[in-house]
Every structure is written in C-alpha cells, then in structure tokens.
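Try each task before you read its solution.

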Amino acid sequence: MSGPDLDVLRLGDADGVLSRALAGLLQGYGLTLRHVSGDIPGSYWGEAEAGLVGGDLFVRADTPLHSALHEACHFICADDARRAALHTDSGGDELEECGVCYLQVLLATALPGVGRDRLFADMDTWGYSFRLGSARAWFESDADDAHAWLVAHGVIDTAGAPTGRCATGHG
C-alpha cells in the first residue's frame, strides 16, 4: 500500500514551503512538527508515516502530507486525557476516525498548493478505504456523521470551517 514510489505529496516537496506552512497551522492547535532523519517515533505504520507522541508530530522529508495531516487530526480530535497521553495509537472510536479523515480534508485547504482535490487523490492513491470507493465520494455524499461529530466537539463550525480548537465534550 505505501512506499516511496507512490506519487503523493510529501513534506520535503516544494523546498520546505509545505512543511513550514503545516508547522504554522498545527502550532495553533498546540501541536509541534518535529523533523527526524531516521526512524519516526510514534509511527503506527512505520516506514515514512508520521508519528504522534503527546504534542509532537514526528515526520521526515519523505513523509506523505496526508499522513502528517491524519495524525495531526487524531491529536485535534482526541479528548484531553488521550491527547496528553498520545503515543503511536491514538485510540478513539469509528466515528472519531471519520471525523479525523473529514478534518484532514478541511485542513488541506489551508496549505499552499494542496487543497481538497490533491488530498482526495493522495488518500485514494495511498489506499484509504471508504464505502463509496473514493475519499471524494465519501466526503461529499456520506460524511454527514463526521461533520456532525466535529461540530458537536467544537472542532468545526456548522458551516464546516475549522475553529482552530481541539475537541471538547467527549464522554
């Protein structure tokens, strides 16, 4: 499924512009982007996949952007207790996972040269699995529950714009 031969946007692309923009975006959520050159601490999938340990998101230049966004959104969507103790496996339920996928699409629009279309393509290339067959079809036709979850937890407003805040009100 994953590998360096897949044509997906990586954090080392665009001479670091993308990585700097992502770092700035995530800083607003209390998450620090940390670049490493070897094994990625806290990586659930290994290889070049992003890793999450507490408030640190670990990446390399070959880390796919969608992976970094996905793990960052796990941090944003976790409740306070899980957020403080995050290490490798973020936990959460299936609906929260849908919220994570939905939010990563929204956050992609805040990054230069990315946007929804590119993220949808990268998610499909990497092998995200959705009932309707593609990330776009899921997002546009089958993600009302994810949208509602994010609104209920204060992560996005009713119009679907990110609030810049981490999830609240779990439990």
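## Exercise 1: A buried arginine and its partner

**Task.** Is Arg60 buried or exposed? Then find the residue with which Arg60 forms a salt bridge.

**Solution.** 
- Step 1: Arg60 has a relative accessible area of 17%. The cut-off for buried is under 20%, so Arg60 counts as buried. Keep in mind that this is a predicted model.
- Step 2: The partner is Asp62, and the closest N and O atoms of the pair are 2.8 Å apart.
- Step 3: Asp62 has a relative accessible area of 31%, so it goes down as partly exposed.

## Exercise 2: The overall fold

**Task.** Work out how many helices and strands the protein has, and in what order they run. Then check the radius of gyration against that of a compact globule.

**Solution.** 
- Step 1: Count the elements: seven helices and three strands.
- Step 2: Read them off from the N terminus, and you get α-β-β-β-α-α-α-α-α-α.
- Step 3: For 171 residues, a compact globule would come out near 16 Å; the protein has a radius of gyration of 15 Å, so the two agree.
- Step 4: Along the principal axes, the C-alpha atoms take up a box of roughly 40 × 35 × 25 Å.
- Step 5: Of the 171 residues, 48% are buried. The accessible surface is about 7,900 Å², and carbon and sulfur atoms hold 50% of that. Among contacts with a separation of 6 or more, 54% join residues 24 or more positions apart.

## Exercise 3: The largest nonpolar core

**Task.** Which residues have the most contacts inside the largest nonpolar core, and which element gives the most to this core?

**Solution.** 
- Step 1: As background, nonpolar side chains tend to be buried together in soluble globular proteins.
- Step 2: The largest core here has 50 residues, and the ones with the most contacts inside it are Leu22, Leu57, Leu65, Tyr102, Leu103 and Trp138.
- Step 3: Next, list the elements that give two or more residues to this core: helices H1 (17-27), H2 (65-77), H4 (94-108), H5 (115-126), H6 (135-141) and H7 (144-152), plus strand E3 (56-59).
- Step 4: H4 gives the most, with nine residues.
- Step 5: Zoom in on Leu103. Setting aside neighbours within four places in sequence, Leu103 is in contact with Cys73, Ile76, Cys77, Leu150, Val155 and Ile156.

## Exercise 4: More salt bridges

**Task.** How many salt bridges are there, and which residues are linked with Asp79 in a network?

**Solution.** 
- Step 1: Opposite charges on side chains can pair when the charged atoms come close.
- Step 2: The count is eight salt bridges.
- Step 3: Asp79 and Arg82 meet at 3.9 Å, N to O. The cut-off is within 4 Å, so this pair makes the list.
- Step 4: Asp79 is partly exposed at 23% relative accessible area, and Arg82 is partly exposed at 22%.
- Step 5: Asp79 and Arg82 are linked with Glu96 in a network of salt bridges.
- Step 6: Move on to H6, where Arg136 and Glu140 lie four residues apart, about one turn of the helix. Their side chains form a salt bridge at 3.2 Å, N to O. Arg136 is partly exposed at 33%, while Glu140 is exposed at 52%.

## Exercise 5: Positive phi

**Task.** Where do Glu47 and Thr88 lie, and what is the phi of each?

**Solution.** 
- Step 1: Most residues other than glycine have a negative phi.
- Step 2: Glu47 isn't a glycine, yet its phi is positive, about 50 degrees. Glu47 is in the loop between E1 and E2.
- Step 3: Thr88 also has a positive phi, near 75 degrees. Thr88 lies in the loop between helix H3 (80-85) and H4, and is partly exposed at 24% relative accessibility.

Terms used: Residues numbered from 1 in each chain as written. Predicted model: local features only at pLDDT ≥ 70, side-chain atom pairs only at ≥ 80, totals over all residues. Heavy atoms only, no water. Core = buried A, V, L, I, M, F, W, Y, C linked by side-chain atoms within 4.5 Å. Buried < 20%, exposed > 50% of the residue type's maximum accessible area, 1.4 Å probe, protein only. Contact = heavy atoms within 4.5 Å. Rg over C-alpha atoms; globule rule 2.2 N^0.38 Å. Areas by Shrake-Rupley, 256 points an atom, 1.4 Å probe, with all protein chains shown as cover.
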